[in-house]
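Look at the structure below and keep the sequence at hand. The paragraphs that follow take its helices and sheets in turn.

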Amino acid sequence: MPGERKSARPASGGVTSGLRFGRFPITAVQPVVEDGRFPAKAVPGEAITVGATAFREGHDQLGVSAVLFDPQGVQRQWVRLRPPRGERGLGTDRWEGLLVPGDPGDWSFAIEAWHDRYGTWHHNAEVKVAAGIDVELMLAEGAALLAEAADDAGRDEADQLTLRRAADALADESRTAGERLAAGFAPEVAAAVERLPIREMVTTSQRYPLLVERDRAGRGSWYEFFPRSEGAVFHPESGTWTSGTFRTAAKRLDAVAEMGFDVLYMPPIHPIGVQHRKGPNNTLVAGPHDPGSPWAIGSKEGGHDSIHPDLGTFEDFDAFVARANELGLEVALDLALQAAPDHPWVESHPEWFTTRIDGSIAYAENPPKKYQDIYPLNFDNDPEGLSHEILRVVELWVSHGVRIFRVDNPHTKPVWFWEWLIQTVNAKTPGVVFLAEAFTRPAMMHALGRAGFQQSYTYFTWRNTKEELESYFTEVSHESPAFFRPNFFVNTPDILTPYLQFGGPGAFRIRAALAATASPLWGVYAGFELFEHVARPGAEEYIDNEKFEYKARDWEGAARSGRTLAPYLTRLNEIRRAHPALLDLQNLTVHASTDDSTVVYSKHKTLPDGSKDTIIVVVNVDPHGARESTVTLDLAALELDQADLTPSGHFRVDDLITGQSWEWGTDNYVRLDPHAEPAHILSVRRTRP
């Protein structure tokens, strides 16, 4: 790099040969996953926090930087690192900055530590000249340093001229010492040096892997529906149903797209087992017309490579996918690696299951829950055969336009299998995304992320209080984003939390506002927009659960009567698309408030053109009553420019939900009523210079 006088590489065979520390120690580099055995993750244009602990002996100044390399090994970005804001940067020798990768591929980055020649001279000259010590010597050293920097051919001509003039001024004995020093300290000199530091003895870390995946791997709004319910018709005279089909379900796609969702996720679409089929509300006995759970996959009509005959044919499925794509939607398919008792695999490959001592095949259990209609797979008897069969199934659906899979209970399968499958699928078809439905221990959830899952369901569903939310938002945005991307689903067919059961319509707005703004990935299961909230007694699931029966919803009637949250969801997705700051993960900052139910956080992003996008979110998480609070902002996190401030020193914010505007500062009064509007989503108004 221009600006360097000599590197810190030791001579071959010298005293430093083979040592682990370079000239300047560089430790605790982030984002690094398992010492680089797994790549850290990113999506195109995402601002990735990079950091390291770096230090040196003595009192000379150290500079630290990060370098980003594209898949061809070409340097694409160089950024100087700074101590973090607040207590994390005080005396810790920690340095951080942002790298922004481009197109998908296998990128890498490295950390550099170097002797900061200008910073060292600046510090010494400032102290010594003020004390009258070595005044002429310090000025002469500064003049020589800047003259040398001005001759650097890699420097911009305007900066060369700036440095040359400063060098001449430092050497001009007709001026006072203060005037000469001021010339060397001038802002334009500092700016020129900042653009191209004067470096010496550069120590470079190893390169660390950074996997950049396609945008939908880390950004998106998901919507889930059961295709058999969309267009299903109930016949009251017989008490039976006619199933919805791909053709009838395709009519619902327009509404999903109009709400601004990016991904349409469907539960399993395969034939459903007859043996031990579950009835309504998970009862053990099913009637002759009960459709059963889509997750009980397999019957005489086929298994994971087949389509339930009630839904249509492969031609119908292809038309459904094509229509979704026309509307800007991607179709995500459920990958549930389990089988009904009458799945073809049970007869053809009994070794893929667990046989008990009495000769029966073990069914799935999650005590106290029992799933007699589902046999879990056993990967230990024939790992090779079972793995390749699943690969065949996945590649079949990829060939029909599916590039996103929501994986059911991946934590009940070996982690090695997922590493192999995701790696193998993406080697052949880059960009296939896997979402882990793993509600389990953090160690397993994180391991699945390291193994290759691009995103995961999370504990967000059960984080409801201010303290819980602040802690969890900080964890997923700053502690685990290198390998764990959270998808904040507000509900699922399996999960209807007490918060939604008893919180009223305000609770639905609160959860949607939090999910849509705190994570670049969020999701909704159909019926959420209709405020469906009645649970099966004693359970955290919906009454008359759609897993076991058809559910016809009156979307149009709800819209006519105003009994729908669809306009609110639409607005949230509009805000997300208009504000890139909301689509990054690592840029969330929690702010303080005086009320124990008022959550405040911001997200900030500097765009490639130099403009800034900053969102402040304030949410009353008490769904039952209005809350008043004083919000105290960490203004440094907002990166305000002087041009953004009013004459009184405040800045303007626009509420993207209500359209109201205010002037805000460090401390701000808010009152939020869940029965009216429980959240402010504020955009900081910027003035371009």
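Predicted model: local features only at pLDDT ≥ 70, side-chain atom pairs only at ≥ 80, totals over all residues.

Strands β24 and β25 belong to an open sheet of eight strands. Reading across it, the order is β29-β28-β31-β26-β25-β24-β27-β30, and the pairing is antiparallel. Which strands form the edges? They are β29 (661-664) and β30 (667-672), each of which pairs on one side only. Neighbouring strands in this sheet are turned against each other by 35° on average, if direction is ignored.

To find one of the paired positions, locate V631, whose bridge partner in β30 is N668.

There is also an open sheet of eight strands in which the pairing is parallel. Its order is β21-β20-β19-β14-β13-β10-β23-β22. Here β21 (455-456) and β22 (488-489) are the edge strands; each has a single partner strand, so one side of each has no neighbour in the sheet.

Within this parallel sheet, β10 (residues 220-224) pairs with β13 (residues 263-266) over three bridges. Y223 is found opposite L264 of β13. A helix packs on the sheet as well: α10, residues 383-398, touches β14 (330-335), β19 (404-408) and β20 (433-437). The direction of α10 makes about 145° with that of β19.

The last topic is a pair of helices. Two packed helices are described by the angle between their axes and by the distance between those axes. For helix α1 (residues 117-131) and helix α2 (residues 135-150), the angle is about 160° and the axes are 10 Å apart. The crossing of α1 past α2 is left-handed.

Which residues make the contact between these helices? On the α1 side they are R117, Y118, W121, N124, A125, K128 and V129. On the α2 side they are V135, M138, E141, G142, L145, L146 and E148. Sorted by class, the contact has eight nonpolar residues, two polar ones and four charged ones.

How values were computed:
Residues numbered from 1 in each chain as written. Heavy atoms only, no water. Axes fitted to C-alpha atoms, helices over the stretch in contact; angles between N-to-C directions. Helix = DSSP H or I, 4+ residues; strand = E, 2+ residues; numbered from the N terminus. Left-handed = near helix turned anticlockwise from the far one by under 90°. Contact = heavy atoms within 4.5 Å. Nonpolar A, V, L, I, M, F, W, Y, C, P; charged D, E, K, R; others polar. Pairing = 2+ DSSP bridges.
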